[in-house]
Amino acid sequence: LNCEKTGILRIGQRIVLEKRSEKADTINEIKSYWYKIKTENTSGWIFGSFIAQQAFGSIADPAVKFVYGLKGFEHHENWSLKIYQIRAIKNNQEIDRIEFPIYTTYINSIKTIGNQGLNDLKDVIVIDIPCTGECGCTTGELVVFWNGEKFSKVEELLGSADAWASDFIQFIYPTDMEGIENTIVKFSEFYIDEISDDKIKRGIKKEYFIWTGNELISDPTKKTEEKSYIIDK
């Protein structure tokens, strides 16, 4: 910590990890190791919180890169929440960033799946949230849209894994087999009630949305569809 500064890294700069410290430190509430790294013209040690956990490029514009990592913590009276961030970078210059909470200790993956046939959109970024715990745990996806200039946090498609009492939510995009042009269908399947010792009532809902280029809004030309069905326990 008392060593001479050897250089400053640009955001999005590629590095090579050479060595990790034996012990972790806690700085700004983030516990991590120190890493010895090198670039094309310098080498030195950097604290782990400054290294992106994942990085990937835009499908629409390969010059745009996305980096993902921990931003910090949001403290409440009896609990704390991890806040993560995605930053968009082009030519080592930050274009935009977005922050959001993650309710689990880790994520399965973060990736772009292209624009999925939507106008005025470059990338749909999907953050896969695993089910950590027993029955009833939260799982699903966080969806972020990138229009080439800024991020929009679109939806938390989170449900629960609990057999016949489970909840499930997903987007149906225009490019999907059952997709509709210029429309996102939000499909939900959920538990309603226990109607007898061996029968369960569940529901299905379809909601229709339009992407304006800046936000997702309800489609005024389409009504929400709902129906229910009965299954055995």
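Two strands count as paired here if DSSP finds at least two bridges between them, and with that rule in hand the sheets of this predicted model can be described. One of them is an open sheet of four strands, which follow one another in the order β10-β11-β12-β13 with antiparallel pairing.

**The open sheet**

- The edges of the sheet are taken by β10 (109-112) and β13 (151-161), each of which has a single partner strand, so one side of each is left without a neighbour in the sheet.
- From one strand to the next, the twist of this sheet averages 15°.
- Between β10 and β11 (residues 123-129) the antiparallel pairing runs over four bridges, and within this part of the structure serine 109 stands opposite aspartate 128 of β11.

**Strand pairs around β16**

- Strand β15 (residues 184-194) pairs with strand β16 (residues 199-211) in the antiparallel sense over 10 bridges, and the two are joined by a hairpin of four residues.
- Tyrosine 191 has arginine 202, a residue of β16, as its bridge partner.
- Strand β18 (residues 225-232) is also an antiparallel partner of β16, with eight bridges between them, and here lysine 206 has glutamate 225 of β18 as its bridge partner.
- Strand β17 (residues 216-218) pairs with β16 in the antiparallel sense over three bridges, with tryptophan 211 standing opposite leucine 216 of β17.
- The hairpin of β16 and β17 has four residues between the strands, and in this hairpin glycine 213 takes a positive phi near 105°.

**Nonpolar cores**

- The largest nonpolar core has 22 residues, and those that touch the most other members are Phe66, Ile86, Phe100, Ile102, Ile127 and Phe151.
- Two or more residues of this core come from each of β7 (64-75), β8 (80-90), β9 (93-102), β11, β12 (137-146) and β13, and β7 gives the most, with four residues.

**Aromatic rings**

- The count of aromatic pairs comes to nine.
- In one of them, the rings of tryptophan 34 and phenylalanine 47 have their centres 5.3 Å apart and their planes at 55°, so the pair is tilted.
- Tryptophan 34 belongs to strand β4 (residues 34-38) and phenylalanine 47 to strand β5 (residues 43-47), so this pair ties together parts that are 13 residues apart in sequence.
- Phenylalanine 47 has a relative accessible area of 3% and is therefore buried, since buried means under 20%.
- Phenylalanine 56 and phenylalanine 66 form another tilted pair, at 5.5 Å centre to centre and with 50° between the planes.
- This second pair links phenylalanine 56 in strand β6 (residues 54-57) with phenylalanine 66 in strand β7, 10 residues apart.
- Both of its members are buried, phenylalanine 56 with a relative accessible area of 15% and phenylalanine 66 at 0%.
- Phe56, Phe66, Trp146 and Phe151 are linked into a cluster by ring pairs.
- Arginine 20 lies over the face of tyrosine 33, at 3.6 Å from the ring centre.

**Two loop residues**

- Threonine 183, in the loop between β14 (168-172) and β15, is buried, with a relative accessible area of 3%.
- Not counting residues up to four places away in sequence, threonine 183 touches Leu118, Ile172, Tyr173, Pro174, Tyr208, Phe209, Asp219 and Lys222.
- Glutamate 40, in the loop between β4 and β5, is exposed, with a relative accessible area of 59%.
- Apart from neighbours within four places in sequence, glutamate 40 is in contact with Arg10 and Gln13.
- Glutamate 40 and arginine 14 are 26 residues apart in sequence, while their C-alpha atoms are 9.1 Å apart in space.

Conventions
Residues numbered from 1 in each chain as written. Predicted model: local features only at pLDDT ≥ 70, side-chain atom pairs only at ≥ 80, totals over all residues. Heavy atoms only, no water. Axes fitted to C-alpha atoms, helices over the stretch in contact; angles between N-to-C directions. Core = buried A, V, L, I, M, F, W, Y, C linked by side-chain atoms within 4.5 Å. Buried < 20%, exposed > 50% of the residue type's maximum accessible area, 1.4 Å probe, protein only. Phe/Tyr/Trp six-rings, centres within 6.5 Å; stacked < 30°, edge-to-face > 60°. Lys NZ or Arg CZ within 6 Å of the ring centre and 35° of its normal. Contact = heavy atoms within 4.5 Å.
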